[in-house]
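Trainee: I've got the model loaded and would like to go through some side-chain contacts and the sheet. Can we take it one question at a time?

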Amino acid sequence: MVNDLAATAHQDHTAGHVRRAEELAPGRYLFSCDNGVRLALSVVTDKILRFRYLTDGPLVPDFSYAVPADAVQPAPTFLEFVEKADHYRLTTARLICTVQKEGLRTRVLDRSGTILSDDEKGFHWQYDDETGNDQVKMSKQVPPGVHYYGLGDKPANMNLRGHRFTNWGSDTYGYTKGSDPLYKNIPFYHVLHQKIAHGIFFDNTFRSYFDFAAERADVTSFWANGGELNYYFIYGPTLLEVAEAYTLLTGPAELPPLWTLGYHQCKWSYYPEANVQEIARGLRERNIPCDALYLDIDYMDGYRCFTWHPTHFPEPRRLVQELAADGFKTVVIIDPGIKIDPGYSVYNEGIANDFFCRRADGPLMKGTVWPGLCNFPDYTKPQVREWWAGLFEGLIKDVGVAGVWNDMNEPAVFEKGTFPPDVRFDYDGQSASHLKAHNVYGMQMARATNEGVKRFAYPKRPFTITRSTYAGGQRYSSGWTGDNIASWEHLWLANIQCQRLSISGFSFIGSDIGGFIDAPDGELYARWIALGAFHPFFRTHSSGDHGDQEPWSFGEPYTSLARHFIELRYRLLPYMYTAFWQYATHGTPMLRPLTFLDQNDPETYLRMAEFSLGDNLLVCPITAQGADGRWMYLPRGDWYYYWTDGLQAGGSEVWASADLTRIPLFVKAGAVLPMQPVLQYVGEKVVDELTLHVYYKNGTAESCLYDDGGEGYAYQEQGQQTVRRFTATGTATELVLAQAIEGPYQPAYATYRVVLHGLPGAPTAATADGQPTELQSIELETSLTLPGFVVGTGFGELRVALAAPDAEAPAGGPAPPAA
């Protein structure tokens with residue numbers, strides 16, 4: 001007799017016939033098949049459905065690190081559940097979902113009947129006899145003309161169709177285009193079909209895979225090496241709405257202190273303290289704005305976390321205070337590896353309290369990283385997170401460190417890559433192996449770190465950075481794209497990766513400007529810092545063994561170019577902070593790919609270089625050596641070239657002239673762009689006036705400005721914040737700017753300097769709330785001279801009368817061309 005048990009064990013299994021469907025609670029339904037398969041289908045909101053499949057056994061505890069248990073979602077406004085001959089139909093105010101009785105296949109449609117998602121094989125699985133887990137899979141049909149975006153930090157083309165990816169956080173030193181997997185694990189992607197968008201969030205922490213019609217052109221699949229087939233369907237219908245809904249589902253980021261949006265300088269490594277002081281002097285003497293200096297692993301005593309090297313940094317508190325007096329915040333690195341050393345208090349505490357990870361048979365997990373042989377905290381254990389948070393008292397409260405940078409937390413282990421599969425984790429009371437905990441390790445380390453920094457920095461806000469994370473990690477940390485290379489390809493990748501992370505819920509992101517590995521030349525560094533000025537996290541970082549990489553390291557004209565773009569970033573801080581407020585309150589990605597700006601225009605679907613920062617700025621970096629400009633695509637509408645005020649109609653390619661003093665940068669017509677004076681650091685002096693750049697549009701447009709002082713919690717605890725909403729309305733004879741103020745916070749600035757761009761005729765008179773105000777000529781940093789005036793910040797309405805436009809002037813106003 002032939003023994004075919006092994007073959008049977010590895011066969012693909014599918015759901016059987018639904019024999020029972022029951023409503024467990026309003027909006028929660030359980031479908032049970034004759035072969036034991038079940039589907040728990042939940043209506044999260046009118047636009048979000050959750051599908052949770054189980055193969056056998058009882059329902060396990062419903063636990064997720066990505067979706068906060070206390071998250072509040074808007075309740076469904078309409079629900080209907082009916083049984084038909086061969087299927088069940090669930091209807092919400094926005095969606096229709098059908099569940100086939102045979103095979104449990106599902107289909108999701110919008111209320112007009114357009115099919116959004118259609119199972120192919122649907123849910124299926126294989127048993128893995130080595131781990132005892134089920135490899136759970138979902139296969140869906142790929143309709144013609146569909147496009148896919150998202151999935152975190154993948155260094156690939158923006159549109160994912162035709163490719164396969166893996167989520168398994170990995171220390172990928174010197175990755176290149178197409179390297180996979182990388183550091184972050186965000187199992188969420190957008191689907192765009194027939195100009196309608198939805199998202200899929202596969203909340204599974206095991207090693208997971210995504211095939212976007214790579215193996216079979218008509219099938220897309222996602223699967224994992226264990227756990228549940230548990231995913232959320234998130235309806236738009238716009239891509240922006242999908243991103244917002246996903247971000248709010250997994251938890252929005254908190255507003256950071258304003259200084260974190262300034263420029264940061266980092267290197268592996270600045271030591272001893274004299275070197276740190278020299279870098280600080282170099283920045284201030286050259287008038288290069290900077291808010292933060294970083295200390296890498298060499299500040300520690302033998303790479304022992306929470307210690308200071310006795311000779312490199314003999315008086316850390318004094319050093320940090322001296323840097324603070326000159327406007328610098330100090331940020332230090334902390335890795336997860338705790339050196340095995342009986343003379344080291346952190347190690348002893350971890351041992352005494354059984355806080356370190358263990359192997360399956362009981363021995364402590366040991367691995368070699370920078371300190372040598374180490375043990376590693378189990379951050380999935382609440383008591384460990386509490387202990388870890390408490391360790392930051394010395395760094396934050398006693399020494400005065402302002403931020404903490406978590407590295408090596410994939411977790412990375414020299415030679416081995418990561419932990420062995422049998423390492424055990426508490427997993428918040430639901431014991432798990434490394435197979436399940438690996439992808440959340442970095443996120444939970446960042447969570448514990450953030451709690452510690454927040455506790456001891458209070459009443460100031462915390463700042464943490466992480467290399468590895470999972471979906472929802474934006475609640476705890478900012479991030480960067482890892483160990484990149486000083487190359488033009490990596491400048492291109494930095495642009496793509498930061499956009500992709502932003503639409504994957506993680507907007508507080510940047511790259512190592514100039515490249516971590518190897519050394520850029522001055523041109524590459526200048527182009528990179530020009531791009532970095534428009535990324536939320538703005539930091540130069542290098543390995544240091546390939547030469548210096550400070551803004552002045554390449555001589556002139558590159559020092560002046562670096563200063564030029566860093567100063568532009570500081571002028572834009574009010575706008576950047578407002579974009580972050582939109583992200584923190586509404587989940588709106590700060591960086592938005594071109595498709596997100598106009599998904600009704602198929603010309604945007606495959607483009608990657610262009611992106612918006614916030615609502616009104618469009619950026620397209622130069623990523624080719626020796627270029628003096630580039631062709632780029634403008635979304636439909638009218639756009640002003642920032643450097644010349646040239647007006648361009650969107651919906652077509654344009655040439656943007658950009659020598660090294662420029663980055664292609666356009667402002668949306670109708671925008672009100674707030675800017676402040678250049679500071680050497682946030683808080684250097686009181687900002688007593690903001691500039692409002694008003695870009696004329698024949699029509700109406702809205703903009704906003706958020707402010708809460710940029711530090712502390714008065715905005716939460718006492719409502720000390722203000723949102724100023726501007727409505728600009730332009731006609732051939734008049735420009736009207738209305739302001740509506742919400743919130744009691746009174747910023748330091750008492751006046752606006754209003755600058756008028758692109759007027760179709762010369763301004764003849766201006767009034768503020770009916771009172772005449774004096775028009776004047778204002779010279780800008782771009783060398784343009786434009787009309788404007790100064791008004792108090794409390795105005796309700798400004799009116800500018802315009803002379804009849806020149807009959808030969810182009811529609812929208814006379815202006816030089818963008819090129």
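Trainee: Which ring does the charged end of R539 sit over?

Mentor: Keep in mind that we're looking at a predicted model. An Arg counts here if its CZ is within 6 Å of the ring centre and within 35 degrees of the ring normal. The charged end of R539 is 5.1 Å from the centre of its ring, and that ring belongs to W480.

Trainee: On to ring pairs. Are the rings of Y347 and F356 stacked or edge-to-face?

Mentor: The structure holds 65 aromatic pairs, and this is one of them. The centres of Y347 and F356 are 6.2 Å apart, with the planes at 20°. Planes under 30 degrees apart count as stacked, so Y347 and F356 are stacked.

Trainee: What about F419 and Y441, stacked or edge-to-face?

Mentor: Here the centres are 5.6 Å apart and the planes sit at 75°. Anything over 60 degrees counts as edge-to-face, so the F419 and Y441 pair is edge-to-face.

Trainee: Which helix holds Y441, the partner of F419?

Mentor: This pair links distant parts of the chain, 22 residues apart. F419 lies in the loop between β25 and β26, while Y441 belongs to the helix spanning residues 434-457, α8.

Trainee: Is F419 buried or exposed?

Mentor: Buried means under 20% relative accessible area. Y441 is at 1%, so it counts as buried. F419 comes in at 3%, so F419 is also buried.

Trainee: Now the open sheet of 9 strands: which are its edge strands?

Mentor: The order runs β30-β29-β28-β25-β21-β20-β19-β32-β31, with parallel pairing. An edge strand pairs on one side only, and that picks out residues 509-510 and 512-513, in other words β30 and β31.

Trainee: Further in, which residue of β28 is the bridge partner of W405?

Mentor: β25 covers residues 403-406 and β28 covers 464-466, and the two pair in the parallel sense over 3 bridges. In β28, the bridge partner of W405 is I465.

Trainee: Last one: which domain does UniProt list for residues 254-579?

Mentor: Over that stretch the chain is 36% helix and 13% strand, with the end C-alpha atoms 13 Å apart. The UniProt entry is unreviewed, and the name it gives for residues 254-579 is "Glycoside hydrolase family 31 TIM barrel".

Note on methods. Residues are numbered from 1 along each chain as its sequence is written. This is a predicted model: local features need pLDDT of at least 70, side-chain atom pairs count only at pLDDT 80 or more; totals for chains, interfaces and linings use all residues. Side-chain values use heavy atoms; hydrogens and water are left out. Two strands pair if DSSP finds at least two bridges between them. Helices (H or I, at least four residues) and strands (E, at least two) are DSSP runs, numbered from the N terminus. Rings of Phe, Tyr and Trp (its six-membered ring) pair if their centres lie within 6.5 Å; planes under 30 degrees apart count as stacked, over 60 as edge-to-face and the rest as tilted. Buried means under 20% relative accessible area, exposed over 50%, partly exposed in between (1.4 Å probe, protein chains only). UniProt positions are given in the numbering used here, feature names are shortened, and annotations may be inferred rather than shown by experiment.
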